[in-house]
Amino acid sequence: MKELFTTGDVADICNVSQQTIIRCFDAGRLEGFRVPGSRFRRIPRQNLIKFMRENDIPLGNLDSGKRKILIVDDDAEIIELIVDVLVRDGRFETTTASSGYEAGISTQQFRPDLILLDYMLPDINGNVVCQTIRKNPEFADIKIIIVSGVIKRDEIDQLLKSGAEDFIKKPFDITELTGKITTVLQMK
Amino acid sequence: MQSRMVDPTVANQVELVIHRLNSVSTLPCIAARFLSHLSQGRLSAFAETIESDPALAAKILSLAHRQNISYLGESPSVRRAIDKLPAHAVREAVLAVKIYPAFGRNEQRVLFRKQLVVHSLAVACCAEDIAEIISPRMDTHLAYSAGLLHDIGKFALDETMPRSFAAIVEQAKSQQASTTTLEQKHLGLDHTIIGKRLAEKWRLPNQIALAIWLHHSNTNLISQTMPEAKIAQVVQLADLIARQCNIGLSGSFDSPRFASEAGSTDSANKIAQLLAISPGQVEQIRLNLPEKVEQKAEILGLNSPVTADEYCNIVRTVAAQMAQKQTELVLENRRLQTALSHFDFTKEFLLSIDSNDEPIDIAENFALRWQKFYQTGMVCLYLSPPADSPYIKAVIVEGPSQTKTVMLNAPTETPPVPQAIANSFAILNAQDYTGWLFEQLDVKFDLSHTKLVPLLSAGRAVGAIIFELHYPLTSETEGPPETELFSQQLKTSTSVAGTVLDMAFACANHRRFAEQFVQSLAAPAGTLPAPRLTAQAVAGTGSTPAKSDVLDALAEMAAGAAHELNNPLSIISGRSQLLAQSETDPQKKQILGQIQNNAKEISAIIDDLFVFASPPPPKSALIDHRQILDEAIKLASQKTGVEQINVSIEVVGNVKKIFVDSAQVAEAVANIISNSVDSYADSTGQVKITACGDDTGYFVKLTIADTGCGMDAETLQKATYPFFSNLPAGRKRGMGLAHAAQLIKLNAGSLNITSRLGDGTTVTILLPAH
């Protein structure tokens, strides 16, 4: 999680000009410090949150620091289980979808860092979801891990070719699940 | 003409000249008549013209003989010959008739020729009337025909020696004599003999020949001994009456009332008497004759002379018409030929089909014939997939011996057969519709020349055919009708193929239903036919549809089970793990661990079943047997949980490399080693592995032997059945040997087990050597 912000970062987060932020900083309304030996201003996270609250600026733009995971599965209990596992881990923020169609909408709105994608969806084959996301350059950074109960060597190869990063077989070891997610997101 | 003694050679020469005569010519005015009847399609008028002209009549009678026309008990006559001959033969004969050279010739001669025709008509009509009176002793048609042709000899003389004949006629006129006498005198033979010769040569009917020959003889006498000469008697009387009436000119100028030469001619009255015709009747005939002949002359157009120009015009018109008909016939003929070749094409296709052929075989057969028949480039025939199937079967024909069958992915956004031709026939440009197909083929079509047509059956496309057409569909020289024709032919042949394929689909479906039905009858409800399954798996590739159906069904079931069971298993396993994480009580933690392990075990069983039902195809490579054994021992160690398996490896001689999928074979060998380890009560007994070449040199032989508990005969028999295990329940899944046997077979090897209870087990594996 980002702990220290420049005036430029703060201007972006608060959606005002950098000049305004500098003025607030210099007037002491936004607390922070100057980098020793230089005149660069730095604002710690705590001070930024305080400043935003005082000025009624929504905190939405401030990165929570958690990695966003979209869980796609048509089985509600599986979704619940994975959400539980990831929330308990504490490093992840989750959203869920139960069909390929919903997955598309959530991807657009939620902008996940990673999608846990069930291969057998009621409407669209996971392969197609994978290809659709990969075709859109906007989503180039989104990682995909396929989750499926069926293992077919050639199908898995095909999925990895379509742009999935990894594959997890159901039933899974929960440490293996978080392990694969953190590896793919390079969190270690 | 000077009178002189006849040189005997003259008669011979005359006979020679006459003999060369194949027909006599007709007058241009008559030709103009029949040509105009012909061009306007007036067939009965056309027939009447023939019937009224001696030249045409002789030709038709002669033709009737050549064509073996039988008069079926009736007397022969021109009318009957015309009726019986095919119309085209009559037309052909008439059109080939010679035309009397009238234009630019002595008008006197043309006039005489006309008068001779009128005379013939008069005799014909007169003979007909006489025959009518004495009917049924004489046939009227025959009498008419005989009368018409009685002076054919004179026509021949006029034709072959016009000057001499003109001179004879001239002399006859000046001497008031009969031409017959003068002909005898100058030529050594007369027109009756000449006529007889021609009648024989042209094969005119006998009775007519008799009339020609004898009509100046003493017919009264002759017919007493020769009843068939009665016709000559009739014609003779008719001749006399006609001459008395002064209708036409016969060329004779003797008085017809009296016999001019003793005994040779009877007076008309005497003949009439002998024929039982009263003088009143003769008088009546005489009275009717002028009008009757006038009608006939009108038919022939004798009274309306044509000029050379008019005649040429008529000939030109008829020629043009004939040319047009000819063109139409040529076109029609070509159309028929095309149709016939298409008929042959479909016929041969249909004859080549066997009722047991699978649709794809029929498709290949048709595509090959299609390429050959239409001289197309590459051909791709694809079949409409069954509902919900994502795959399409297709046949590609690159050349006469280069065909292949491929499976294609069905297009996701468009129907396989474009909407435009799904229910009706049209020729489309393939590149506008079947991009999805070309994308998947590894052969290149020349897209700018590739067409697409449907294979329709009952208004529904059962597939489509794509082909390179290197000749243009629309031809500049042939025009739209030809294109339309070609399109029609394509429609016909594709419909034949469509219908046949549709029936083959139905047939194949019925066969499959029947097999499934028989199977469901044979298998007790709720049990899988396990032994047959194993046999199937060991046999490898599934040689019969029934067996592969079972495997397919099992694979599908396993895939379904994998999907359906692994979700709840995930919940069981995941929830127990979450609970275990937050659990501090070690006993509860252990229990939760058990739950998780058992969920894993169930999942592994499902995976085994899935892999067994649809094993991945081997990816073979050359490998040393030692590498496989090492890998197998490592795997077996993991499987059995025995860290150091007591194994000995002996290599006999020089062992070749083997060509297999090393992962699959290592897995198989590992399963066998695991079984051997498990056969010892304490898992420490020795497993002895031997590697050597086999006698043939084609295989490498691996034997894996233990001296463990061994198996009895019954157990041995079931050893390679899936889920069969001799170990206490719950210990193992019983897939080890079944899977091993299957993997070895997949890699073109074989597996053999020998065992005795208490003595141990030996498994022998043969693997293909390099």
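Author: The dialogue that follows takes up the chains, a sheet, a pair of helices and some backbone features in turn. The model is predicted.

Reader: Let us begin with chain B. How many helices and strands are there in chain B, and what percentage of its residues count as buried?

Author: Chain B holds 29 helices and 13 strands. It has 770 residues, and 39% of them count as buried. Among the contacts in chain B with a separation of 6 or more, 70% are accounted for by residues 24 or more positions apart.

Reader: Is helix H9 of chain B largely enclosed or left open?

Author: A residue is called buried when 20 or more other C-beta atoms lie within 10 Å of its own. In helix H9 of chain B, residues 152–160, eight of the nine residues are buried, so the helix is largely enclosed by the rest of the structure. The buried residues are Ile152(B), Gly153(B), Lys154(B), Phe155(B), Ala156(B), Leu157(B), Asp158(B) and Glu159(B).

Reader: How many residues of chain A are in contact with chain B?

Author: On chain A, 16 residues are in contact with 18 residues of chain B. Helix H4 (76–89) and helix H7 (153–162) of chain A each supply at least two residues of the side that touches chain B. The largest share of that side, five residues, comes from H4(A). By class, the residues on this side of chain A are nine nonpolar, one polar and six charged.

Reader: I turn now to sheets. What joins the strands of a sheet?

Author: Strands pair through backbone hydrogen bonds, and the pairing is either parallel or antiparallel. In chain B, five strands form an open sheet with mixed pairing, in the order E8-E10-E11-E13-E12.

Reader: Which strands stand at the edges of this sheet?

Author: Strand E8 (647–652) and strand E12 (750–756) of chain B stand there, each with a single partner strand, so one side of each has no neighbour in the sheet. On average, neighbouring strands of the sheet are turned by 15 degrees against each other, direction ignored.

Reader: In which sense do E12(B) and E13(B) pair, and what packs on the sheet?

Author: E12(B) and strand E13 (residues 760–768) of chain B are antiparallel, paired over seven bridges. Ser755(B), for instance, has Thr761(B) in E13(B) as its bridge partner. Helix H27 (residues 662–679) of chain B packs on the sheet and touches strand E10 (687–693), strand E11 (699–706) and E13 of chain B. The direction of H27(B) makes about 20 degrees with that of E11(B).

Reader: Chain A also has strands. How do E7(A) and E8(A) run?

Author: Strand E7 (residues 143–148) and strand E8 (residues 166–169) of chain A run parallel and are joined by four bridges. Together with H7(A), the strands E7(A) and E8(A) make a right-handed β-α-β unit.

Reader: What describes two packed helices?

Author: The description rests on the angle between their axes and the distance between the axes. Helix H1 (residues 8–19) and helix H12 (residues 191–201) of chain B pack at an angle of about 35 degrees, their axes being 10 Å apart. The crossing of H1(B) past H12(B) is right-handed. Glu15(B), Ile18(B) and His19(B) of H1(B) make the contact with Ile194(B), Arg197(B), Leu198(B) and Lys201(B) of H12(B). This contact has three nonpolar, one polar and three charged residues.

Reader: Where does Asn68(B) lie, and is Ser683(B) exposed or partly exposed?

Author: Asn68(B) lies in the loop between helix H4 (54–66) and helix H5 (78–84) of chain B. Its phi is positive, about 55 degrees, although Asn68(B) is not a glycine. Asn68(B) is exposed, with 6 other C-beta atoms within 10 Å. Ser683(B), with a positive phi near 60 degrees, is found in the loop between H27 and E10 of chain B. Ser683(B) is partly exposed, with 16 other C-beta atoms within 10 Å.

Terms used: Residues numbered from 1 in each chain as written. Chains lettered and ligands numbered in written order. Predicted model: local features only at pLDDT ≥ 70, side-chain atom pairs only at ≥ 80, totals over all residues. Buried ≥ 20, exposed ≤ 12 C-beta atoms within 10 Å, placed from the backbone. Contact = placed C-beta atoms within 7 Å. Nonpolar A, V, L, I, M, F, W, Y, C, P; charged D, E, K, R; others polar. Pairing = 2+ DSSP bridges. Axes fitted to C-alpha atoms, helices over the stretch in contact; angles between N-to-C directions. Right-handed = clockwise from strand over helix to strand, strands pointing away. Left-handed = near helix turned anticlockwise from the far one by under 90°.
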